[in-house]
Amino acid sequence: MLDAFSRSVVSADAKTAAVGAGDIAALRQYVAEGNKRLDAVNAITSNASCIVSDAVTGMICENTGLIQAGGNCYPNRRMAACLRDGEIVLRYISYALLAGDASVLDDRCLNGLKETYIALGVPTQSAARAVAIMKASATAHIGETNTPANGGSKFRKMETTQGDCSALVAEAASYFDRVISAVA
Amino acid sequence: MKSVVTTIVTAADAAGRFPSQNDLEAVQGNIQRAAARLEAAEKLAAGLDAVTKEAGDACFNKYPYLKQPGEAGENQTKVDKCYRDLGHYLRLINYCLVVGGTGPLDEWGIAGAREVYRTLGLPTGPYVEALTYTRDRACAPRDMSPQALNEFKSYLDYVINALS
């Protein structure tokens, strides 16, 4: 597993070179944005169960066949497995966002996930849709662009210092997209 | 690669939980100290060749017998390899300064070093001498800021202790 710092070290080592000014400038950026990043991770972890349950229910609302007999969320046992998987995916995305590098997500979550889902008969289209809803919800929480209209009764705004966190929103979105392209 | 963040993520993953407030505080502490070590890493990278040469020269000045026949620096090829090894140690220190931990030195420098040196019949004393010279020669604010120097020297000491 790597983070933003060890990623630059590993790539420098491959060239037998020291980590030079260019890489260090990028790392200074990570450091300067450190508090924002921690707030972003906090925005995901504090709202984790809301993000996950909303994504799974949203996925089912769009495809009610999932909770009818023969559907993949049909008995509670399989619905529970679905919620659990959503939480696991979101957890690894929070790790990747904290580390500033996707390797933990790739190595520990996505590697073999699609094959597992196919073997278990999990509809990967639906899984990808749930992750897409999690992406919309999580990025709205990080960027604080959520509104009472789209939050409904569960609306909640994180109370952090206002500022530009578009880079972090884009980074978090890229990890969700990584999951979507890995399972789809 | 072990660093503050990967250690935290590994622990959180083993427990199957999201990063907690404690984890975020630990990362925050790491970030606060990052400015000094990144400065040290940058300055060291910029002067890596010069520092390596100085350290190697100091070592051969102190132990001139190393260049006699049958010793570790009996010909230019072997002398060059001594300088190369010193450069490796300084490069690994640069990596440690970047990740903020001893992971790179532990994994790529120190693990197995004792066995290798014993097999090749190399003395570790001269390496210690060279790195000690580097440590004592570096000074603030000429080379880097005091806090950065402190970070740099702590990794030099780490290698020195491992080789002693």
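Helix α5 of chain B gives the lining of the second largest pocket its largest share, 9 residues. The model is a predicted one, and every value below is computed from it. The second largest pocket has a volume of about 480 Å³. Its lining is made of 23 residues, and those closest to the centre are Arg84(B), Asp85(B), Val116(B), Tyr117(B) and Leu122(B). Besides α5 (76-99), the helices α6 (103-110) and α7 (113-120) of chain B each supply at least two lining residues. Sorted by class, the lining of this pocket holds 12 nonpolar, 4 polar and 7 charged residues.

The largest pocket comes next. Its space amounts to about 580 Å³. The lining consists of 31 residues, of which Ala81(A), Cys82(A), Asp85(A), Tyr117(A) and Val122(A) lie closest to the centre. Which helix supplies the largest share of the lining of the largest pocket? That helix is α5(A), with 10 residues. Several helices of chain A each give at least two residues to this lining, namely α4 (48-62), α5 (76-99), α6 (103-110), α7 (113-120), α8 (124-143) and α10 (166-183). By class, the lining of the largest pocket divides into 22 nonpolar, 4 polar and 5 charged residues.

A cavity, unlike a pocket, is a space from which the probe cannot get out. The structure has 1 cavity of 30 Å³ or more. The volume of the largest cavity is about 90 Å³. Its lining is formed by Cys59(B), Phe60(B), Leu66(B), Ala72(B), Cys82(B), Leu86(B), Leu122(B), Pro123(B), Pro126(B) and Tyr127(B). How many residues of the cavity lining are nonpolar, polar and charged? The lining has 10 nonpolar residues, with no polar and no charged ones.

The remaining topic is charged pairs. Side chains of opposite charge can pair when their charged atoms come close. Over all chains, the structure holds 22 salt bridges. One of them joins Arg178(A) to Asp106(A), with the closest N and O atoms 2.8 Å apart. This pair ties together distant parts of the chain, since Arg178(A) sits in helix α10 of chain A and Asp106(A) in helix α6 of chain A, 72 residues apart. Arg178(A) counts as partly exposed because its relative accessibility is 37%. Asp106(A) is also partly exposed, at a relative accessible area of 23%.

A further salt bridge runs between Arg108(A) and Asp13(B), whose closest N and O atoms are 2.6 Å apart. Here the pair crosses between chains: Arg108(A) belongs to helix α6 of chain A, and Asp13(B) to helix α1 (residues 4-15) of chain B. Asp13(B) has a relative accessible area of 13%, so it is buried.

Within chain B, Glu151(B) forms a salt bridge with Arg33(B), and their closest N and O atoms are 2.8 Å apart. These partners too come from distant parts of the chain, 118 residues apart, with Glu151(B) in helix α9 (residues 146-163) and Arg33(B) in the loop between α2 (21-32) and α3 (34-46). Glu151(B) is buried, because its relative accessible area is 7%. Salt bridges can also share partners, and in this way Arg91(A), Arg108(A) and Asp13(B) are joined into one network.

Notes: Residues numbered from 1 in each chain as written. Chains lettered and ligands numbered in written order. Predicted model: local features only at pLDDT ≥ 70, side-chain atom pairs only at ≥ 80, totals over all residues. Heavy atoms only, no water. 1 Å grid on protein atoms, 1.4 Å probe; cavity = no way out; pocket = protein on both sides within 12 Å on 5 of 7 lines; lining within 4 Å. Points joined across faces, edges and corners; volume = space filled by probe spheres on them. Helix = DSSP H or I, 4+ residues; strand = E, 2+ residues; numbered from the N terminus. Nonpolar A, V, L, I, M, F, W, Y, C, P; charged D, E, K, R; others polar. Salt bridge = Lys/Arg side-chain N within 4 Å of Asp/Glu carboxyl O. Buried < 20%, exposed > 50% of the residue type's maximum accessible area, 1.4 Å probe, protein only.
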